[in-house]
Amino acid sequence: MGDALESLIWGQPREANVSALTAELDALWRSATEDAESPNAVIRACALTLLVYTESEEAGREVSNLLGALTLQNPCRALIMVVRPEESAAGLSAWISAVCHLPAPGEKQVCCEHITIVARGDAARDLDKVVIPLMVSGLPVYVWWRSGRRTQPEPFQKIMRYVDRVIIDSGLFVYPEADLTTISDRIQRSGGHPATNDLNWARITPWRELVAQCFDSEDTRPYLDRISEVRVEYSERGADVNPGLGQGVLFTAWLAGRLGWQLAGRGPQAVPPGARQGDIAGRTFSFKGEAGDIGVKLIPRREGEECGAGFLSLKLKAVGDLPATFSLACGGDRNVVTTRTEIPGRQPIERTVRLEVLDEIGLLNEELKFSNRDRLYEEVLTLVALMTAS
Amino acid sequence: MAAPSVLTNPLREGARIRRTPQPCAMVIFGASGDLTARKLVPALYHLARERLLPPGLSVVGCSRSPYTHEQFREKMRQALKEHSRVSEQDAPIVESFTKNIYYLPVDTGNPSAYGPLAEFLSELDRDHGASGNRVYYLATPPSSFPVIARHLGGAGLARPGGAEKNWARIVIEKPFGHDLQSARDLNRVVTGVFGEQNVYRIDHYLGKETVQNLLVFRFANGIFEPIWNRRYIDHVQITVAEDLGVENRAAYFEEAGLLRDMIQSHVLQLLSLVTMEASARFEARALRDEKAKVMRCFRSITAEEADRFAVRGQYIAGFVAGRRVEAYRSESDVDPASVTETYAALKVFVDNWRWADVPFYIRSGKRLAKKVTEISIQFRRVPHLLFGNRAADTIEPNLLSLQIQPDEGISLKFSAKYPGTMMQIRPVKMQFQYGESFGAEPPSAYETLLLDCMLGDNSLFTRNDSVELSWELVDPILARWKEDGRKGLAFYEAGSWGPSEADSFIERDGRRWQRL
């Protein structure tokens with residue numbers, strides 16, 4: 001194995017000629033596979049092209065550091081784009097490296113290609129001409145939109161013609177309600193192509209799963225039609241972005257859509273009891289269901305760091321002859337959640353299960369397990385647009 | 001696969017959230033045994049930890065041993081420490097899981113022991129909201145299967161509440177009988193009490209991810225199915241080799257032998273997956289219908305034909321993985337003059353339009369050169385050789401290999417021109433390895449199968465007709481071997497690929513076993 005390749009496999013990026021990136025990559029891999037019997041032999045693995053959109057070199061570096069955990073589960077050609085159109089000096093530069101891992105002792109290293117392209121100034125307009133030829137033929141192309149910006153710059157729209165899927169993180173949006181509405185409009189205009197996935201939606205999947213499980217039993221299923229109150233507490237620690245609020249809105253829209261609730265109003269913003277100056281107000285929504293009115297409160301809390309950026313607890317109350325309460329609370333340890341079902345005259349049913357707080361890559365790996373459109377998410381976004389229309 | 005038990009919950013519609021069963025009580029008979037501690041409880045714990053089990057699930061261990069609830073819980077906590085990945089952080093989850101484990105001493109042969117069990121389960125229903133749903137797991141010796149089934153039926157535990165919305169399922173471990181007649185007897189009793197749709201005959205082999213992937217490979221790819229037939233395939237080999245001996249199962253194995261232990265169950269199931277037609281839907285009944293349909297086409301082998309279609313062997317001392325191992329006859333609990341086969345090879349034909357005259361060579365054995373399970377599909381040679389004799393000598397037929405374990409993957413061997421001015425042809429291999437393309441850890445076979453059972457999805461469980469059809473194939477061979485005794489039993493060195501008679505067996509047809 002040549003020195004050049006060896007250093008790449010150890011993750012050291014090498015500056016490459018932007019106009020001949022494919023040829024440079026091919027040459028490197030050829031030298032690696034010629035030495036197939038060597039104990040340092042490597043296998044080039046690729047199941048998709050992943051384009052990562054970032055807007056700062058710092059963000060680009062962050063993504064580079066995360067790629068190892070991504071390619072372990074999803075071998076891909078990862079192409080990190082650092083797009084800086086506002087810079088005065090125009091230029092395109094590129095680095096290539098490899099991300100490798102050993103599946104098991106004694107086996108060959110499995111390596112994925114990692115290309116970073118920095119586009120500055122006017123050169124950002126030519127980004128598509130560099131990126132499109134680097135898409136691996138015959139394999140899906142996904143975009144990980146790692147930016148709080150919800151609109152795509154012009155050259156990126158040309159790239160989008162060849163993209164199967166865009167993965168956003170609405171948790172990075174500064175104004176989640178308005179921005180989710182924009183995403184919803186775009187999905188409707190594009191007819192769902194490329195498909196859109198949202199890491200902030202994926203963050204609440206385990207919570208939705210646990211809530212759904214509360215109503216699988218024939219004893220508890222009827223309560224689903226009699227829910228009168230929903231209370232969502234989420235962690236809000238005064239940062240610029242509000243993943244918890246977006247999650248709360250998505251969760252509410254999901255419940256409303258699944259249970260056929262009609263939006264009746266958006267109440268005054270809820271201020272949590274005991275709020276301090278500077279606390280951010282949550283949201284309240286009211287709906288009409290088959291069995292009456294439903295009130296939903298989204299309440300931000302300063303505490304709860306141990307639960308990660310997201311929900312701290314959920315409580316659903318249902319009315320009826322025997323009113324019931326279904327609650328889920330993040331435990332003292334960030335990895336667990338305790339669910340509790342309380343029905344008068346019965347022993348409460350309580351259990352504690354794992355609730356992994358996944359980082360971005362963990363969430364991305366989860367999303368990449370699915371290859372189809374998430375139509376439920378698209379439906380939920382439509383409802384979010386209704387709920388947040390001013 | 002369809003999950004009828006959860007469709008009524010609108011929160012599950014259209015969601016990517018995973019299937020979870022309705023609340024139920026799982027009753028494990030033989031709970032003080034190894035299987036419960038090593039496999040069942042760890043599998044249930046992992047499912048619970050991953051939020052795949054419902055709130056209100058309770059586990060009730062039953063056996064003769066006089067444990068209290070707390071003693072049994074402690075035993076299970078210990079089992080989790082030893083047999084599953086439990087970290088310090090998981091302590092609250094372990095506590096929550098084991099809190100719902102109970103124990104009831106039950107003498108399974110005594111019908112009056114089932115009354116208290118029924119009462120106890122009713123209490124759990126009330127406290128846990130299990131609605132009368134039950135899974136009975138028989139981790140007991142096979143002789144207890146019909147006894148427990150009958151007594152459960154007698155105590156009204158097989159059809160709880162008599163209501164359609166409640167369910168009771170019974171899981172039984174192989175062997176499902178020791179010959180055709182005993183399998184029929186067992187089926188009659190168990191299906192008589194529970195109904196066939198509620199009988200889950202567990203074969204952990206079928207829970208393996210790569211076995212399930214066989215169906216995906218065949219029926220989700222357009223390019224293989226058109227050539228998956230007698231016109232293009234010369235023959236198929238299925239190898240299930242183990243480097244281990246009989247370990248602590250000698251007493252059982254002495255009675256059973258390799259043909260019953262491996263081929264009648266696992267290998268014929270694999271064969272049915274390779275040869276079946278596509279079902280209309282990926283749904284239990286349709287899949288199992290297709291499997292049974294093709295098994296009806298397995299050509300019978302009469303006792304008189306057994307020598308031509310089967311070979312048996314027994315290992316003698318040898319070396320496995322650099323370690324000297326003793327002969328089968330020297331293992332403890334084995335008769336020093338035992339004629340039990342530890343190796344068997346069969347040639348099976350599938351008499352239908354797709355497979356007429358294509359031989360399926362099956363081999364399985366203990367103490368072979370390595371642990372490997374592989375299905376090798378050898379295609380026919382090209383009809384005309386245009387590269388001249390010298391080049392033609394090196395043309396090997398295409399070979400599609402489906403590696404089930406350990407290195408799960410798929411490879412295709414084809415010919416390529418060696419670079420240069422001469423026409424030299426070399427076989428090359430195109431390889432797909434699961435570990436390279438998907439880093440995700442698959443669930444264990446028991447996790448998959450236990451969850452499927454609770455969900456009411458019996459696709460990966462063996463149906464009564466399949467069990468009986470597989471016994472129909474092997475019964476005459478077993479009868480002949482029993483009659484022949486020592487005569488015809490070949491010996492092979494431990495650590496080899498089986499007896500030389502097995503090589504001659506396939507070479508008679510102008511073929512060779514694949515080097516694995």
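Reader: How many residues does helix α1 of chain B have, and how far does it reach?

Author: Helices (H or I, at least four residues) and strands (E, at least two) are DSSP runs, numbered from the N terminus. The expected span of a helix is 1.5 Å times one less than its number of residues. Helix α1 of chain B, residues 34–49, has 16 residues and reaches 22 Å from its first C-alpha to its last, close to the 22 Å expected at 1.5 Å a residue. One reading note: this is a predicted model, in which local features need pLDDT of at least 70 and side-chain atom pairs count only at pLDDT 80 or more, while totals for chains, interfaces and linings use all residues. Residues are numbered from 1 along each chain as its sequence is written, and chains are lettered from A and ligands numbered from 1 in the order in which they are written.

Reader: Where does a kink lie in α1(B)?

Author: The bend at a residue is the angle between axes fitted to the seven residues ending there and the seven starting there. In α1(B), a kink of about 30 degrees lies at B:Leu40, shortly before the proline B:Pro42. Just after this helix, B:Arg51 takes a positive phi of about 65 degrees.

Reader: Is α1(B) mostly covered or uncovered?

Author: A residue is buried if 20 or more other C-beta atoms lie within 10 Å of its own, exposed if 12 or fewer, and partly exposed in between, with C-beta atoms placed from the backbone. By that count α1(B) is mostly covered, as 12 of its 16 residues are buried. Among them are B:Leu40, B:Pro42 and B:Tyr45.

Reader: What is the order of the six strands in the open sheet of chain B?

Author: Two strands pair if DSSP finds at least two bridges between them. The order here is β3-β2-β1-β4-β5-β6, and the pairing is parallel. β3 (101–105) and β6 (199–202) of chain B each have a single partner strand, so one side of each is left without a neighbour in the sheet. Inside this sheet, β1 (25–29) and β4 (134–138) of chain B pair over five bridges, and B:Ile28 has B:Tyr137 in β4(B) as its bridge partner.

Reader: Which strands are at the edges of the nine-strand sheet?

Author: That open sheet of chain B runs β16-β15-β14-β13-β7-β12-β11-β8-β17, with mixed pairing. Its edge strands are β16 (424–433) and β17 (489–493) of chain B, and each pairs on one side only. Follow β8 (310–316) of chain B: five bridges join β8(B) to β17(B), running parallel, and B:Gln314 stands opposite B:Phe491. Four bridges join β8(B) to β11(B), running antiparallel, with B:Val311 and B:Ala345 as bridge partners. From β11(B), seven bridges lead on to β12(B), again antiparallel, and B:Leu346 stands opposite B:Ile362 there. Five of the seven residues of β11(B) are buried.

Reader: How is chain B divided into domains?

Author: Domain bounds come from an automatic or database domain assignment. For chain B the assignment gives domain 1 (4–173) and domain 2 (208–394 + 456–507). The C-alpha centres of these two domains lie 34 Å apart.

Reader: And chain A, how many helices and strands does its secondary structure come to?

Author: Chain A comes to 11 helices and 17 strands. Of its 390 residues, 45% count as buried.
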